[in-house]
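Reader: I would like to learn how to read the features of a model such as this one, taking them one at a time. Could we go through it together?

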Amino acid sequence: MQRKAYVTGTAALLAALLAGCTSGSGGDSPTDNANPGDAGTATVAAQPGKYRTLPEPCGVIDHDTLDSLLPGIKQLTDPEQQDRAYQGDAALTYNTDRKVGCRWKVESADATDRLAVDFERVVSYDNAVSDDDQAQKLFLEKETAADLPEPSSATPATPASSAAGSATATPTPSATASDDASPSGTETSPDATPTDLQPRVLSDLGDEAYLDDQLGNSGSTAEPRTVTVVFRTSNVVVTIEYEEQPTATGTVPDSKEMQDKARDLASQLADALSS
């Protein structure tokens, strides 16, 4: 009986030692490494953008607006040809949930007008960067590439004597010069863009926006003007390019008229996105 008790006690001791070794080696197991001590800390994903879809680009602009931007449409006498002109041509894209666009080109008696509208829905694949922040980055890249001039004041500084109401102040020749002359006394180029129509940031459109206005050389005697408006609303960036190529030699497209039309269209598209 005493020999049996000794054997039993020895077996129990060996079992305890083996159990201790097994539990000690478990700290290096893959299961434990898959659950580190800080596994309870949750990672907060950045907010998704407001927009999940994009509008149909060739149908989002009404006929009245297209008539204004593309006067040649109303001059078309063939109903089928006019209908095709209104429809425009969809831009080639491989993912209509992310990027869509439409193009129009219409000739009139006075000019050839082109219009391009592009929508891009930005999605961030970085959990630390929201869709809006990623869209803002894309917008800033476009704005930087546009190389807008530094904003300048359209009103010259008032001389100190005039500001003080001096009765002895005498008008200088530059103060009485013709409105058609520049401050330096030289004639202003007819192609010069007034200060308030120069490329600039727009503060009344979307979350952020800018306008570019370029008078280019097409290789012909009539220069085309291109007005570009780019704006961002949440995670969608919209780009409008409006170009007019005059038919008559020496004709310059009116900057204010084209800018007003492009900005009106941009406002309509911003409203269409919000609705």
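Reader: Which side chain meets that of K256 in a salt bridge?

Author: Before the case itself, a word on the source: this is a predicted model, in which local features need pLDDT of at least 70 and side-chain atom pairs count only at pLDDT 80 or more, while totals for chains, interfaces and linings use all residues. Residues are numbered from 1 along each chain as its sequence is written, and side-chain values use heavy atoms, with hydrogens and water left out. The general idea is that side chains of opposite charge can pair when their charged atoms come close. A salt bridge is counted here when a side-chain nitrogen of Lys or Arg is within 4 Å of a carboxyl oxygen of Asp or Glu. The partner of K256 is D260, at 2.8 Å from N to O. Both residues belong to helix α8, four residues apart, about one turn of the helix (helices, H or I of at least four residues, and strands, E of at least two, are DSSP runs numbered from the N terminus).

Reader: Are K256 and D260 buried, exposed or partly exposed?

Author: Buried means under 20% relative accessible area and exposed over 50%, with partly exposed in between (1.4 Å probe, protein chains only). K256 is partly exposed at 46%, and D260 is partly exposed at 33%.

Reader: How many salt bridges are there by this rule, and which residue pairs with R225?

Author: The count comes to eight. R225 pairs with D213, the closest N and O atoms lying 2.7 Å apart, and this pair links strand β6, which holds R225, to strand β5, which holds D213, across twelve residues of sequence. R225 is buried, with a relative accessible area of 3%, and D213 is buried too, at 7%. Another salt bridge joins R232 to E208, again with 2.7 Å between the closest N and O atoms; R232 is in strand β6 and E208 in strand β5, 24 residues apart, and both are buried. D207 joins E208 and R232 in a network of salt bridges.

Reader: In what order do the strands of the sheet run?

Author: Strands of a sheet pair through backbone hydrogen bonds, either parallel or antiparallel. Two strands are taken to pair if DSSP finds at least two bridges between them. Here seven strands form an open sheet in the order β1-β2-β3-β7-β6-β5-β4, with antiparallel pairing. Its edge strands, each pairing on one side only, are β1 (89-90) and β4 (200-202). Strand β3 (residues 111-121) pairs with β7 over eleven bridges, and V117 has I240 as its bridge partner in β7.

Reader: Which helix lies across β3, β4, β5, β6 and β7?

Author: That is helix α6 (residues 131-146), which runs at about 25° to β5. Such angles run from 0 to 180 degrees between N-to-C directions, the axes being lines fitted to C-alpha atoms, for helices over the stretch in contact.

Reader: Which residues have the most contacts inside the largest nonpolar core?

Author: In soluble globular proteins, nonpolar side chains tend to be buried together. A nonpolar core is defined as a set of buried Ala, Val, Leu, Ile, Met, Phe, Trp, Tyr and Cys residues joined through side-chain atoms within 4.5 Å. The largest one has 35 residues, and those with the most contacts inside it are L115, V117, F119, F231, I240 and L269. Helix α8 (255-274) is among the elements that give two or more residues to this core, and the largest share, seven residues, comes from α8. L269 is in contact (heavy atoms within 4.5 Å) with residues including V60, I61, V117 and F231, its neighbours within four places in sequence being left aside. A second, separate core of nine residues includes L138, F139, A146 and V230.

Reader: Finally, which cysteines form a disulfide?

Author: A disulfide is a covalent bond between the sulfur atoms of two cysteines. In the model, a pair of cysteine sulfur atoms within 2.5 Å is taken as one. The structure holds one disulfide, formed by C58 and C102 with their sulfur atoms 2.0 Å apart. The link is right-handed, with 105° about the S-S bond. C58 lies in the loop between α2 (30-33) and α3 (63-69) and C102 in strand β2 (residues 99-107), so the pair ties together parts that are 44 residues apart in sequence. Both C58 and C102 are buried.
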